Amino acid sequence: MTTIQNYINGQLCPPLSGNYLDSVNPATGQVHAHIPDSDVQDVEAAIQAAQKAFPDWSNRSNEERSRILMTIAQRIEEKLDELALAESQDNGKPLSLAQKIDIPRAASNFRFFATAINHYAAESHQMAQVAINYTTRRPLGVVACISPWNLPLYLFTWKIAPALAAGNCVVAKPSEVTPLTAYLLTQICQEVGLPAGVLNVVHGLGPKAGNAMVIHPSIKAISFTGGTQTGARIAQQAAPLFKKLSLELGGKNPNIIFADCEYDDMLDTTIRSSFSNQGQICLAGSRIFVEASIYEQFKADFVKRTKALVVGNPLHASSNVGAVVSKPQMEKVLSYITLAKEEGGIILAGGNRIIVPDCEEGYFIAPTIIEGLAHDARTNQEEIFGPVVTMMPFETEEEVLSYANSTPYGLSSTVWTSHLKRAHRVAEQLEAGIVWVNCWLLRDLRTPFGGVKQSGVGREGGWEALRFFTEPKNVCIKL
Ligand code: NAD
């Protein structure tokens, strides 16, 4: 049993109230850690520590900050096995996935922004014979980073790394559902000698510890990833306080399959975009639209491949699908399957909870495929965030675009076609921040990442992140 501690002013410390919450391993249903139930006092102490650290950290050279962040990246890699195991036990995801994706990406996040900051230059604009403008970009001060449970260390570091690289001091809160790897990261920060107060991690509940960060007047910016409703609540609180906001929210992404696609590649990738991480990826292609001429063939192949996925103990190398993150999440996903049936959907695969040997109390759901629903059924409009996809046929480009764009979300889309002009045409018309053509989740960390409509406000990644975490000031000098 691990007792997680907050990380404030360089020290690992208990919550001031002394209260803890249970953290459950979703594969076993058993409590495996205790997590600080932090409140406004802990957040206040973290913000004070961050404010104290800011003058020194922000005035260090980029190279110096970069060096420390590179050391963190290296330690994450050295501790890959320990971190991956913790991630799997906390989240329910297959250990192999955490080893291949989550933890390497956390290291890459630090390395990417540690190097990016050395190339981040200010602009200047000359007005011939009249004046010269130069623009400086200074760190904001103390910023808050709040992250969700589906890709715990991956998304936590995706925010923290650019914020720190740019010279800010950070008060961060990982999801209370998956706090373990953020705790291990704070141990790494201690080991490598990150100066006290530069990063502070306060564990606890969103409406309590998270909200205290959102409304605190000394927090200059909030980088948030999570549900759309939570994002709306944060925006409501923070906007009147004139804080900078980056909101990365939910998705209900279309996967559009044209008959002329490279079929085998499409099928392999569609299995991943549907069910990897138990479908708990904001970018998952949960609505599959298939051109009518290949619908029946695709249906037969996709159902067969889905039924062959091994749902099992996340620690076993043979498991393709692990547990969903929590009991409430399992109940939510199962309730959507019930809704889909009420709406007239036909279950082609899965549709039920699975009892896994050795993990009888765990929260496992069979990968589920549903057909026969209208594009505007609730099942096709609301984010389920589990191993559940729907599929339906289409005849024309116009028709599929109208289906694809019909939800309130606009995070990502995938298009499968070998027709170059069609790929451009469809990509242009999709209402989404990210379009993948003949691939999925292929990420270049330099590219803008984020959604439109209710999928969010702002962009992360590359220069976008460094711009978000800095404030430009233009100086105009008359010649
Ligand atoms: P959530 O909104 O419940 O929680 C996210 C984080 O916000 C947690 O740390 C939580 O404690 C905190 N929080 C909750 N209420 C708060 C409040 N009032 N003030 C401040 N903080 C608060 O989301 P979740 O269930 O952890 O994650 C799943 C959601 O995240 C899905 O909707 C998914 O699509 C979305 N997501 C989006 C992206 C993206 O990049 N767009 C990536 C991953 C997940």
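# Close-up views: pockets, ligand, cavity and sheet

**View 1. Helix H4 leads the lining of the second largest pocket.** With seven residues, H4 gives the most to the lining of this pocket. Helices here are DSSP runs of H or I with at least four residues, strands are E runs of at least two, and both are numbered from the N terminus. A quick heads-up: this is a predicted model, where local features need pLDDT of at least 70 and side-chain atom pairs count only at pLDDT 80 or more, while totals for chains, interfaces and linings use all residues. Residues are numbered from 1 along each chain as its sequence is written, and side-chain values use heavy atoms, with hydrogens and water left out.

The second largest pocket has a volume of about 710 Å³. In total 31 residues line it, and Leu97, Ile101, Arg272, Ser276 and Trp440 lie nearest its centre. Two or more lining residues come from each of helix H4 (95-116), helix H5 (152-165) and helix H9 (263-275). The lining splits into 20 nonpolar, seven polar and four charged residues. (Nonpolar means Ala, Val, Leu, Ile, Met, Phe, Trp, Tyr, Cys and Pro; charged means Asp, Glu, Lys and Arg; the others, Gly among them, are polar.)

What counts as a pocket? On a 1 Å grid over the protein atoms alone, a pocket is an open set of points with protein on both sides within 12 Å along at least five of seven lines, whereas a cavity is a set of points where a 1.4 Å probe fits but cannot get out; lining residues have an atom within 4 Å of a point. Points are joined across faces, edges and corners, and the volume is the space filled by probe spheres set on them.

View 2. Domain 1 (2-249 + 455-478) and domain 2 (254-444) both give residues to its lining, so the pocket lies between them. The domain bounds come from an automatic or database assignment. This pocket's volume is about 980 Å³. Of its 38 lining residues, Phe224, Gly226, Gly227, Thr228 and Thr230 lie nearest the centre. By class, you get 14 nonpolar, 17 polar and seven charged residues.

View 3. The closest are Lys173, Glu176, Thr230, Leu249 and Glu383. Now look at the ligand's oxygen atoms: one is 2.7 Å from a side-chain N or O atom of Lys173, and one is 2.6 Å from a side-chain N or O atom of Thr230. For Gly226, a polar backbone atom is 3.3 Å from an oxygen atom of the ligand. Such polar contacts are pairs of N or O atoms within 3.5 Å.

**View 4. The largest cavity holds about 100 Å³ of space**. Gly279, Ala284, Ser286, Ile384 and Phe385 are the closest to its centre among 15 lining residues. Those residues divide into seven nonpolar, six polar and two charged.

**View 5. Three strands make an open, mixed sheet in the order E1-E5-E4**. Strands E1 (2-3) and E4 (20-25) are the edges, each pairing on one side only. E4 pairs with E5 (residues 30-36) in the antiparallel sense over six bridges; two strands pair if DSSP finds at least two bridges between them. Spot Asp22: its bridge partner in E5 is His34.

Methods. Near = heavy atom within 4 Å. Polar contact = N/O pair within 3.5 Å; in protein donor to acceptor, adjacent residues only side chain to side chain.
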